[in-house]
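My entries follow in the order in which I went through them.

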Amino acid sequence: MTTKSAAAATLATAYGYPRQGRGRELKKAIEGYWKGAVTAETLLATAADLRRGNWQQLADSGIGEVPTGDFSLYDHVLDTTVAVGAIPVRHRAAVEADPLDGYFAMARGTQDVAPLEMTKWFDTNYHYLVPELGPDTAFAANPAKSVGELTEALTLGHTARPVLVGPVTYLLLAKPAPGVAEDFQPLTLLDRLLPVYAELLAALKAAGAEWVQLDEPALVQDRTPAELNAAARAYRDLGALTDRPKLLVASYFDRLGDALPVLAKAPVEGLALDFTGPAAANLADLAAVGGLPGKRLVAGVIDGRNIWINDLEKSLATLATLLGLTDRVDVAPSCSLLHVPIDATLERDIDPQIARWLAFAKQKTAEAALLARGLREGTGAITAELAANRADLASRATSPITRAPAVRTRAAAVTADDARRAQPYPVRAQAQRARLRLPLLPTTTIGSFPQTTELRVARADLTAGRVDAAAYRERMEAEVRDVIAYQEKAGLDVLVHGEPERNDMVQYFAEQLTGYLATRHGWVQSYGTRYVRPPVLAGDISRPHPMTVDWFGYAQGLTDRPVKGMLTGPVTMLAWSFVRDDQPLADTARQVALALRDEVTDLEAAGAAVVQVDEPALRETLPLRAADRPAYLDWATEAFRLATSGVRADTQVHTHMCYAEFGAIMKAIDDLDADVISLEATRSHMEVAGELAEAGYPREVGPGVWDIHSPRVPSTEEAVSLLRAGLAAIPAERLWVNPDCGLKTRGWPETRASLDSLVAAARRLREELAD
């Protein structure tokens with residue numbers, strides 16, 4: 001093994017690419033199909049065109065080996081469920097009748113059949129559909145998608161590498177199917193699953209695959225000896241197959257830790273490792289195990305989750321060290337690029353100075369190709385590019401855009417008392433009940449109401465100058481009036497103004513805070529056809545003026561019932577943005593918290609008796625390694641308290657979280673010291689209520705009884721059943737009734753029907769409890 005020979009073979013590659021298309025063509029085609037306006041043939045043709053465009057974009061950027069199989073009509077974990085034949089019993093008839101409609105039924109549900117549970121993909125804002133498995137699960141290989149997409153790429157002349165979710169990660173992400181004992185461990189199905197992977201690998205080899213990538217990101221989490229042994233067994237058995245392609249086992253998002261020696265010893269031909277952020281520890285760990293002699297290493301030295309340009313010289317230094325540890329080093333972003341927008345050059349309105357600092361998917365693949373060229377040909381071949389990169393990095397480091405002395409002075413002066421309510425919860429609860437006078441099992445919604453086509457058109461008209469601010473305001477006020485009137489008629493107890501003026505729960509605030517900038521085309525998939533445009537947090541944060549007080553005041557003036565002031569919390573403002581990487585996250589969170597604190601106190605002064613500060617990202621941003629979590633939770637919960645602790649005892653502070661596994665953060669949920677927390681609970685069958693009770697959570701809780709990410713309208717009986725499960729864990733005087741999440745993505749007919757069920761369920765149980 002020599003450095004020279006390892007460098008000579010270097011190429012650039014990627015694990016995955018954004019799926020939606022430059023104009024979100026995939027979203028439009030899928031939603032058109034759901035509405036019956038687009039045929040299945042047109043949808044599939046659109047998907048094929050997008051795949052071809054992605055591969056060509058990668059090739060044009062200098063990527064020498066393109067990924068296949070990463071493209072998905074909804075979710076790549078759901079695709080794996082189809083590939084291994086793990087279709088839930090309740091969906092089998094639909095899948096057999098029409099595979100495409102059955103696929104979407106698993107993702108979204110139907111009026112008669114519930115969808116798969118959805119939760120966050122590790123510590124990202126991408127959502128995957130959770131496999132449901134049990135002792136009776138019978139796997140069966142279905143290689144059609146993987147083979148078909150590989151064949152497409154090869155036919156177009158690309159060197160292609162299929163990508164699959166690895167068997168260990170697939171099982172570790174799974175949950176016991178409904179009706180299966182909660183203590184069932186899906187990993188016990190490994191020996192049953194591996195022969196199916198063997199069939200998939202054989203089919204891909206027969207179709208022309210030289211390499212197949214098996215993604216095992218679950219191995220970067222803390223794993224038990226039994227789980228590590230399962231990984232060793234899995235890759236011993238797969239490696240021993242004779243009828244297979246070469247195997248590249250990929251991990252990302254953090255360091256492998258104890259799993260690294262397991263994979264280093266496995267009889268596979270290559271590993272793909274992340275070397276960014278906390279995963280930079282993989283470099284020292286790799287040296288400690290003696291490198292990867294005889295293996296291929298794909299080095300993820302470019303952050304695949306953020307949008308800042310790479311420090312090319314720093315990456316070259318890392319790559320130079322890696323050249324001494326293995327036979328072949330290839331260069332890649334650290335993970336799939338589905339977590340970043342497609343192309344920074346589409347952003348025409350961004351300050352040219354800031355634009356120099358940005359790298360979206362297209363630019364990141366170009367960076368990978370440049371680094372690979374530098375390794376192959378020497379740094380002399382890329383001297384000009386390195387000089388330009390140094391200048392861009394220096395521009396950012398010294399720019400006044402990134403530093404505001406007054407903001408930093410205020411943040412430095414924060415004390416522990418600033419992040420603590422003046423009164424303990426029992427005192428606050430008594431004061432709030434006296435002020436609000438709510439019934440038992442009070443009903444509310446999470447915040448947003450349907451964002452209709454008319455609302456989106458009005459916002460687009462304002463942006464394009466087709467209507468003026470006064471006309472736009474009139475349109476939004478009319479919507480608020482309708483939403484308030486509807487809620488009163490429906491019988492909801494605590495109202496919201498519906499947020500018609502808000503484009504997104506983070507972007508809306510980012511556009512009003514200093515230090516943030518918005519993109520026009522920076523769309524990123526959150527789940528299915530739901531795409532968001534995370535704002536870019538480039539500098540120090542402050543609030544020049546109130547952001548929501550005017551809209552709250554207008555709504556509260558329309559009703560005698562309490563209307564919630566609605567804000568997005570500091571951690572979520574960071575997690576759902578492309579956050580600056582030039583200072584600790586804790587420092588940035590404190591700046592955002594102080595800006596929100598000003599807004600909370602202004603809402604209270606305007607008459608708000610209830611203020612909700614949503615933190616759905618608190619769990620998703622939790623570090624993947626347990627040792628890293630206490631420090632994160634300390635600053636994350638402090639930031640929430642700092643934002644909310646400036647109010648009186650009789651002002652009720654709510655927070656909201658959704659689509660996450662909450663068990664790991666129960667103490668942190670308590671440490672937020674919110675008076676009321678609402679959480680997703682429908683798809684997990686009220687599981688969180690029991691977790692809160694077991695943890696001794698002392699405050700009020702609203703576990704959701706309507707899954708708003710499905711078109712299903714729950715019946716009153718369903719809502720009653722879920723509430724009974726909630727009441728088995730949480731006393732009635734501390735239980736709220738609400739949907740899982742905001743109603744932005746739902747239509748008005750299903751919203752009215754579902755909220756009717758929700759209110760009726762609450763009333764029925766109130767009557768029963770009063771008897």
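Strand S19 (residues 676–679) and S20 pair in the parallel sense over four bridges. I took two strands as paired if DSSP finds at least two bridges between them. Helices (H or I, at least four residues) and strands (E, at least two) are DSSP runs, numbered from the N terminus.

Ground rules. The model is predicted, so I note that local features need pLDDT of at least 70 and side-chain atom pairs count only at pLDDT 80 or more, while totals for chains, interfaces and linings use all residues. Residues are numbered from 1 along each chain as its sequence is written, and side-chain values use heavy atoms, with hydrogens and water left out.

Entry 2, the five-stranded sheet. I read the strand order as S16-S17-S18-S19-S20, an open sheet with parallel pairing. Strand S16 (564–568) and strand S20 (700–703) are the edge strands, and each pairs on one side only. On average, neighbouring strands of this sheet are turned by 20 degrees against each other, direction ignored. Axes are lines fitted to C-alpha atoms, for helices over the stretch in contact, and angles run from 0 to 180 degrees between N-to-C directions.

Entry 3, strand S17. S16 and S17 run parallel and are joined by five bridges; I noted Val-613 in S17 as the bridge partner of Leu-567. Towards strand S18 (residues 652–657), S17 is again parallel, with three bridges, and Val-611 has Val-653 as its bridge partner there. Which way do the residues of S17 point? Val-610, Gln-612 and Asp-614 point one way, Val-611 and Val-613 the other, and all are buried. Buried means under 20% relative accessible area, exposed over 50%, partly exposed in between (1.4 Å probe, protein chains only).

I found an open sheet with the order S1-S5-S7-S8-S9-S10-S11 and parallel pairing. Strand S1 (66–68) and strand S11 (326–333) stand at its edges with a single partner strand each, so one side of each has no neighbour in the sheet. The twist from one strand to the next averages 30 degrees. Strand S10 (residues 292–302) runs parallel to S11 over seven bridges, and Leu-297 has Val-329 in S11 as its bridge partner. Helix H15 (residues 361–377) packs on the sheet and touches S10 and S11; its direction makes about 155 degrees with that of S11. Contact means heavy atoms within 4.5 Å.

I checked the span of H19 (residues 453–464): its twelve residues should span 16 Å at 1.5 Å a residue, and the end C-alpha atoms are 16 Å apart, which agrees. The expected span is 1.5 Å times one less than the number of residues. Leu-455, Ala-458, Arg-459 and Asp-461 are its buried residues. Helix H20 (469–490) is among what covers them. Just after H19, Gly-465 takes a positive phi of about 85 degrees.

I counted zero disulfides, a disulfide being a pair of cysteine sulfur atoms within 2.5 Å. Cys-741 is in none; the nearest cysteine sulfur, that of Cys-658, is 3.5 Å away. Cys-741 is buried at a relative accessible area of 15%, and Cys-335 counts as buried at 1%.
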